[in-house]
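Q: I have a model open and would like to learn how to read its features one by one. Where do we begin?

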Amino acid sequence: PGDKDQIVQVPKGTGMSNAGEQLQGFLNQLPEKELKILAAKIELDRGENRFGIPHDAIMALLRPRLAEMRAPRIFTPQRVLCLPFEDMLIFKDPDPKQPGKIARAAIGPMWNLLMDRVKPKWDPIADAFIAAQKKGDETTKNQTASALWALAAQTLKEWDTELGTDAGEIRAAAKKIGGTKRLEDLREMMAILAIADIVESLKEKLPRKPILNFTPEHVTIVKRHYDMVGDQAADHEVYLLLALMGRLLQPFPILKVFRALSRKLDDTLTSSTDLGIAGNIVIEALERDADAVAEAADAPNATETDVIAKAKRFSLAFKGITADIGIRRDGDWGKRMYGCRGKVSHAIENLVLSNAQDVILNMLPNKGKGIPDFSDFPDEAKFEMAERRARALGEASRMAEQIGLQSACQSKVNQLRKDLEQYAAKIIEKLPKVGPDNKPEASAHLATTVRLVELITNSDTADLLRRRGNAALTGKTLN
């Protein structure tokens, strides 16, 4: 790695099956310092391609170790230009364009436009950035990155202003860069680049993406940066939120910022402001979550586990939205939210609740109405089905309020609890009479029944039944 004319030589005779494995083995043996230098050389060679190597393939092998070492990222000027809006980039190119999502296909046209207009100004700053990065001069590196963002934002704004207001001329200009979607993407890039320093400052002060736990302290940090944007570039505040949303595991926590901005905000007021752009993205994400539940439930090989996992994601978002902002059922967002909640409740009711009684009690003699039979062990296949359904029912009950199934879940749980506890009582009554040869089978019947009770109700009830059963089986008195 120290040789400027040679990036890497893969050792031969390693016994590995292919070149990729040989290279991976070599890279794994490199000391951390040399690995970082190698990564820097590869990244910086992307533009010049002096070495004729597969940059992406080698970096894919390097990234796991670089992540472990928390090595600083190495940027080309083009890549650092995209840094402020990197979390908004998507590989898909939806039509119509989604606000807050920038197609990667827009980077090329944007770059070409900049080079056509300001290359003489750009190159000296870019060279200074590269030199500072090689030296490890963080101050100059940050200053030149900021200068690149400012130059790009100014250039894009001048170009956009020159388009004027004539619809025909705007369409003609858009066609040159790939169409109206590319124009909309460039305008979002332009807006983010205008506040790039603040965006990067915010990213430094928040956890690494994806942010799972968005705390009140994080909200305070965001609000402070939101106010900074208002002072520096009025009407750009929403773009800070759009950049932030790309770093959240789910978008709904952004509503905590809405609440911090105004305690009196509800969905009707919010949807009519610039915040409505970010809020609408949250509602669209909720609708996609609901669709995912419905699709999973309709799949030919649908399982309770898959559907419940997707429903939990929906319920978490639904709860977060309603907790952070007032939602009116007759408002636009309210109608959409409760409409997609209906999809989720329908899916859960059909797949989990409708025949839960039959599936869970099917492992018991005469569906729990019969007498416990300890001559053999419980049917393992029937128990696995019952356990899976009981777990799904318990999970559905815990999120019943968010998915609109409180009454249905409560009714199903109460009946099943009654049936299972009655059957467990029959087992406990019969246990003292069990002979030594059948004690393992009897213990297994007790354990499976108690496990079902535990899944659909609570551990205290199940624990009491378990202790009573073990006491009966051993002939001890339960205190």
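Q: Leaving aside neighbours within four places in sequence, which residues is Val238 in contact with?
A: This is a predicted model, and that applies to each value below. Contacts with residues beyond four places in sequence show what a side chain packs against in the fold. Val238 is in contact with Asp274, Ile277 and Ala278, leaving aside its neighbours within four places in sequence. The residue itself belongs to helix 11.

Q: Is Val238 buried or exposed?
A: The cut-off for buried is under 20% relative accessible area. Val238 has 4% relative accessibility, so it counts as buried.

Q: How does one read the packing of two helices, and at what angle do helix 8 and helix 11 cross?
A: Take the approach of the axes, then the angle, then the residues in contact. The axes of helix 8 (residues 180–194) and helix 11 come within 9 Å and cross at roughly 100°. Helix 8 is therefore roughly perpendicular to helix 11. Helix 8 contributes Glu188, Ala191 and Ile192 to the contact, and helix 11 contributes Tyr239, Leu242 and Ala243. By class, five of the contact residues are nonpolar, none is polar and one is charged.

Q: How many residues of helix 9 are buried?
A: Helix 9, residues 196–205, is mostly covered, with seven of its ten residues buried. These are Ala196, Ile198, Val199, Glu200, Ser201, Leu202 and Lys203. The cover over the buried residues includes helix 6 (138–162), helix 8, helix 10 (216–232) and helix 11.

Q: Lys203 is a charged residue on that list of buried ones. Which side chain does Lys203 meet in a salt bridge?
A: The general idea is that side chains of opposite charge can pair when their charged atoms come close. The side chain of Lys203 meets that of Glu86, at 3.4 Å from N to O. Lys203 is in helix 9 and Glu86 in the loop between helix 4 and strand 1 (89–90), so the pair ties together parts 117 residues apart in sequence. Lys203 counts as buried because its relative accessibility is 12%.

Q: What do salt bridges within one helix look like?
A: Lys141 and Glu138 form one, at 3.9 Å from N to O. They are three residues apart in helix 6, so about one helical turn separates them. Lys141 counts as buried at 11% relative accessibility, whereas Glu138 is partly exposed with a relative accessible area of 43%. Arg417 and Glu421 form another, at 3.0 Å from N to O. Both lie in helix 20 (residues 406–430), four residues apart, about one turn of the helix. Arg417 is partly exposed, with a relative accessible area of 31%, and Glu421 is partly exposed at 27%. Elsewhere, salt bridges that share partners join Glu387, Arg391, Arg451, Glu454, Asp463, Arg466 and Arg467 into one network.

Q: How many salt bridges does the structure hold?
A: The structure holds 30 salt bridges. Glu237, in helix 11 (residues 237–245), is buried yet has no salt bridge. The nearest side chain of opposite charge to Glu237 is Lys223, 11 Å away. Leaving aside its neighbours within four places in sequence, Glu237 is in contact with Tyr226, Val229 and Gly230.

Q: Which backbone angles deserve a look?
A: Most residues other than glycine have a negative phi, and most peptide bonds are trans. Asp235 is not a glycine but has a positive phi of about 75°. Asp235 sits in the loop between helix 10 and helix 11 and counts as exposed, at 58% relative accessibility.

Q: Where are cis peptide bonds found?
A: One joins Asp95 and Pro96, with omega about 5°, and Pro96 is in the loop between strand 1 and strand 2 (102–103). Another runs from Lys209 to Pro210, with omega near -5°. Pro210 is in the loop between helix 9 and helix 10.

How values were computed: Residues are numbered from 1 along each chain as its sequence is written. This is a predicted model: local features need pLDDT of at least 70, side-chain atom pairs count only at pLDDT 80 or more; totals for chains, interfaces and linings use all residues. Side-chain values use heavy atoms; hydrogens and water are left out. Buried means under 20% relative accessible area, exposed over 50%, partly exposed in between (1.4 Å probe, protein chains only). Lys and Arg count as positive and Asp and Glu as negative; His and the chain ends are not counted. A salt bridge is a side-chain nitrogen of Lys or Arg within 4 Å of a carboxyl oxygen of Asp or Glu. Contact means heavy atoms within 4.5 Å. Axes are lines fitted to C-alpha atoms, for helices over the stretch in contact, and angles run from 0 to 180 degrees between N-to-C directions. Angles under 35 degrees count as roughly parallel, over 145 as roughly antiparallel, 65 to 115 as roughly perpendicular and the rest as oblique. Ala, Val, Leu, Ile, Met, Phe, Trp, Tyr, Cys and Pro count as nonpolar, Asp, Glu, Lys and Arg as charged, and the others, Gly among them, as polar.
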